[in-house]
Amino acid sequence: MVLVGHPKNGRDRGIHLLNLMKSISPNLDDSIVGLWDAVIPKLISYLGAGSESGDEEEEKSAEAEKWSQKNWEDLLLKMLSKSLDVVDKEEWIADLGVAIGQQIPLYANYVEERNFAFKCLGIIMRKSSKKDFVEKHLELIFNTVKHVDQIEREGCAIAVGYVASSHLDTVLARLEKVAKNDMTKKSSGILGILKDKSEVNVEQVKATLMLCYGFVALYSPPSLIISRMEATILRSISPYYPTVKETNVKQNLIRCTDLIAQALNPSHLEQEYRFTTRGEFLSHME
């Protein structure tokens with residue numbers, strides 16, 4: 001499924017991979033056969049190869065439509081989520097997550113595929129109730145993401161947001177651990193001349209963390225995020241506002257702020273919320 005995430009790569013591999021998935025679905029689990037038989041032909045049609053109407057004008061019109069990578073990924077992730085619901089077997093779900101986790105190193109030079117692999121893994125962790133599986137694969141994501149690459153950072157942050165919708169406290173604990181372990185400048189050698197972590201790497205990790213906190217705020221259950229917002233999330237990110245140096249870190253900090261604003265919007269929360277540190281938070285944006 002990871003390779004289908006970017007169907008136009010690899011000589012338009014998407015259609016061939018979708019047909020393969022449809023054929024092997026009985027070997028994966030009988031319960032997904034009906035779902036995949038219904039959904040995959042629609043996905044193939046979405047790619048422009050499922051219609052045999054012969055209507056040249058319609059084909060030209062379809063080809064003229066702008067390709068939306070986001071819409072495509074949303075469709076695939078929705079199919080993945082529904083597949084997990086249909087199977088509803090904890091061990092099967094964890095095994096699928098382990099298999100995708102094992103693939104992540106294979107995409108070291110393919111940032112788009114790794115981005116989508118992170119998202120798939122996030123959907124799977126969201127469904128899983130096995131705490132050890134979730135913790136292990138959150139660690140895997142942070143150990144493999146290239147903090148200097150914005151595409152991988154996006155995939156990591158969105159995946160973490162997905163996981164937070166079911167495992168908020170586990171995710172917050174992992175983010176605090178990353179901040180403690182990966183953002184602490186350490187010195188070694190005589191007079192600290194040799195450094196284990198460069199300042200630029202610390203800045204890039206900061207950018208990843210900021211984006212993660214933003215998606216965690218947006219995707220977490222509103223009833224839970226209210227109690228965690230000021231006590232944990234804002235407390236964790238506020239110190240970074242006055243210390244940001246790199247432009248791309250500032251950009252991710254701004255996105256984090258925007259995502260938090262969406263999370264605190266009354267239409268999203270569907271309840272009253274008194275933002276007690278609003279003034280302090282806004283002062284950072286001046």
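**Before selecting anything**

This is a predicted model, in which local features need pLDDT of at least 70 and side-chain atom pairs count only at pLDDT 80 or more, while totals for chains, interfaces and linings use all residues. Residues are numbered from 1 along each chain as its sequence is written, and side-chain values use heavy atoms, with hydrogens and water left out.

**Stop 1: the whole chain**

Display the chain as a cartoon. It shows 15 helices and two strands; helices (H or I, at least four residues) and strands (E, at least two) are DSSP runs, numbered from the N terminus. Of the 286 residues in the chain, 43% are buried. Buried means under 20% relative accessible area, exposed means over 50%, and partly exposed lies in between (1.4 Å probe, protein chains only).

The accessible surface of the chain comes to about 15000 Å², and 51% of it belongs to carbon and sulfur atoms. Such areas come from the Shrake-Rupley method with a 1.4 Å probe; for residues, only the protein chains shown count as cover.

Contacts (heavy atoms within 4.5 Å) also describe the fold. Among those between residues at least 6 apart in sequence, 73% join residues at least 24 apart.

**Stop 2: colour by confidence**

Colour the chain by pLDDT, the predictor's confidence in each residue, from 0 to 100. The chain averages 87, and 85% of the residues score at least 70. Select residues 49–54: here the pLDDT is below 50, and the stretch has six contacts in the model beyond near neighbours in sequence. Then select residues 186–200, where the pLDDT is also below 50 and the stretch has 15 contacts beyond near neighbours in sequence. Where pLDDT is low, the predicted coordinates should not be read in detail.

**Stop 3: helix H1**

Select arginine 11, which is placed in helix H1. Its phi is near 60°, a positive value in a residue other than glycine. Arginine 11 counts as exposed because its relative accessibility is 82%. Now select aspartate 12, also placed in helix H1. Aspartate 12 has a phi near 55°, again positive in a residue other than glycine. With 46% relative accessibility, aspartate 12 counts as partly exposed. For comparison, most residues other than glycine have a negative phi.

**Stop 4: helix H2**

Where does helix H2 bend? Select residues 14–28 and look at lysine 22: the helix bends there by about 35°, and proline 26 follows within four residues. The bend at a residue is the angle between axes fitted to the seven residues ending there and the seven starting there. Show the side chains of Gly14, Leu18, Met21 and Ser25, the buried residues of H2. An α-helix has 3.6 residues a turn, so residues three or four places apart point the same way. The cover over the buried residues of H2 includes helix H1 (9–12), helix H3 (33–46) and helix H5 (69–87).

**Stop 5**

Select threonine 144 in helix H8 (residues 131–144). Is threonine 144 buried or exposed? It counts as buried because its relative accessibility is 18%. Apart from neighbours within four places in sequence, threonine 144 is in contact with Ile104, Arg114, Phe118 and Glu152.

Move to serine 236 in helix H12 (residues 222–237). Serine 236 counts as buried, at 14% relative accessibility. Not counting residues up to four places away in sequence, serine 236 touches Glu176 and Tyr213. The side chains of serine 236 and tyrosine 213 make a polar contact (3.4 Å). A polar contact is a pair of N or O atoms within 3.5 Å; within protein, one must be able to donate a hydrogen and the other to accept it, and residues adjacent in sequence count only if both atoms are side-chain atoms.

**Stop 6: aromatic pairs**

Show the rings of Phe, Tyr and Trp (its six-membered ring), which pair if their centres lie within 6.5 Å; planes under 30 degrees apart count as stacked, over 60 as edge-to-face and the rest as tilted. How many aromatic pairs does a search of the whole structure find? The search finds five. Tyrosine 46 and tryptophan 72 form a stacked pair, 5.7 Å centre to centre with 25° between the planes. This pair links distant parts of the chain, with tyrosine 46 in helix H3 and tryptophan 72 in helix H5, 26 residues apart. Tyrosine 46 counts as partly exposed at 37% relative accessibility, whereas tryptophan 72 is buried, with a relative accessible area of 0%.
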